[in-house]
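Please read the following report on helix packing alongside the sequence and the coordinates.

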Amino acid sequence: MTALTETVTLRLPLLKRGSPDTPRIKRLQHMLNTSILNVAEEGTEPELIPETGGFGDRTERAVKLFQNLQGLEKDGEVGKETWTALLTFWLAFESPPFG
């Protein structure tokens, strides 16, 4: 049996503080909240961010927290490495809602 070595390339936007409000940012905020809840220590109440679609201070802090937890550069921007880590982490712990 031959192992598959196919790769998939996704074109995802660079998101950072000041990016225009979009449904993509709202999805990012949901993914960050899900990720933060999955790594929170038992007995702690993590600060979740409002899922508004705007990339402000609280979203930037949540991105930096996620980047720190993943050993990434804490720049507060969601680029290639952060998207890859976030999607990998999120898909491992959360089943996206369909339907």
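## Helix packing and core

Helix H1, which spans residues 23–39, packs against helix H2, residues 57–69, at an angle of about 50°, and their axes lie 10 Å apart. The model is a predicted one. Because angles of 65 to 115 degrees count as roughly perpendicular and those under 35 degrees as roughly parallel, H1 and H2 are oblique to each other. The crossing in which H1 passes H2 is left-handed. On the H1 side the contact is formed by Leu 28, Gln 29, Leu 32, Ser 35, Ile 36 and Val 39, which meet Thr 59, Ala 62, Val 63, Leu 65, Phe 66 and Leu 69 of H2. Sorted by class, the residues of this H1–H2 contact comprise nine nonpolar and three polar, with no charged residue.

H1 also packs against H3, here at an angle of about 65° and with the axes 10 Å apart, and this crossing, too, is left-handed. H1 contributes Leu 28, His 30, Met 31, Leu 32, Thr 34, Ser 35, Asn 38 and Val 39 to the contact, while H3 contributes Trp 83, Leu 86, Leu 87, Phe 89, Trp 90 and Phe 93. Ten of the residues in the contact of H1 with H3 are nonpolar and four are polar, and none is charged.

The two pairs are set out below.

| Helix pair | Angle | Axis distance |
|---|---|---|
| H1 and H2 | about 50° | 10 Å |
| H1 and H3 | about 65° | 10 Å |

The largest nonpolar core has 17 residues, of which Leu 15, Leu 28, Leu 32, Phe 55, Phe 66, Val 78 and Leu 86 touch the most other members. At least two residues of this core come from each of H1, H2 and helix H3 (80–93). When residues up to four places away in sequence are not counted, Val 78 touches Pro 13, Leu 14, Leu 15, Leu 28, Phe 55, Val 63 and Trp 83.

Two further residues show how individual helix positions are placed. Thr 59 lies in helix H2 and, at 3% relative accessibility, counts as buried; with neighbours within four places in sequence left aside, Thr 59 is in contact with Leu 28, Gln 29, Leu 32, Ile 49 and Gly 54. Ala 85, in helix H3, has a relative accessible area of 14% and is therefore buried. Its contacts, again leaving aside neighbours within four places in sequence, are Phe 66, Gln 70 and Leu 72. Ala 85 and Gln 70 are 15 residues apart along the chain, and their C-alpha atoms are separated by 7.2 Å.

Key:
Residues numbered from 1 in each chain as written. Predicted model: local features only at pLDDT ≥ 70, side-chain atom pairs only at ≥ 80, totals over all residues. Heavy atoms only, no water. Axes fitted to C-alpha atoms, helices over the stretch in contact; angles between N-to-C directions. Helix = DSSP H or I, 4+ residues; strand = E, 2+ residues; numbered from the N terminus. Parallel < 35°, antiparallel > 145°, perpendicular 65-115°, else oblique. Left-handed = near helix turned anticlockwise from the far one by under 90°. Contact = heavy atoms within 4.5 Å. Nonpolar A, V, L, I, M, F, W, Y, C, P; charged D, E, K, R; others polar. Core = buried A, V, L, I, M, F, W, Y, C linked by side-chain atoms within 4.5 Å. Buried < 20%, exposed > 50% of the residue type's maximum accessible area, 1.4 Å probe, protein only.
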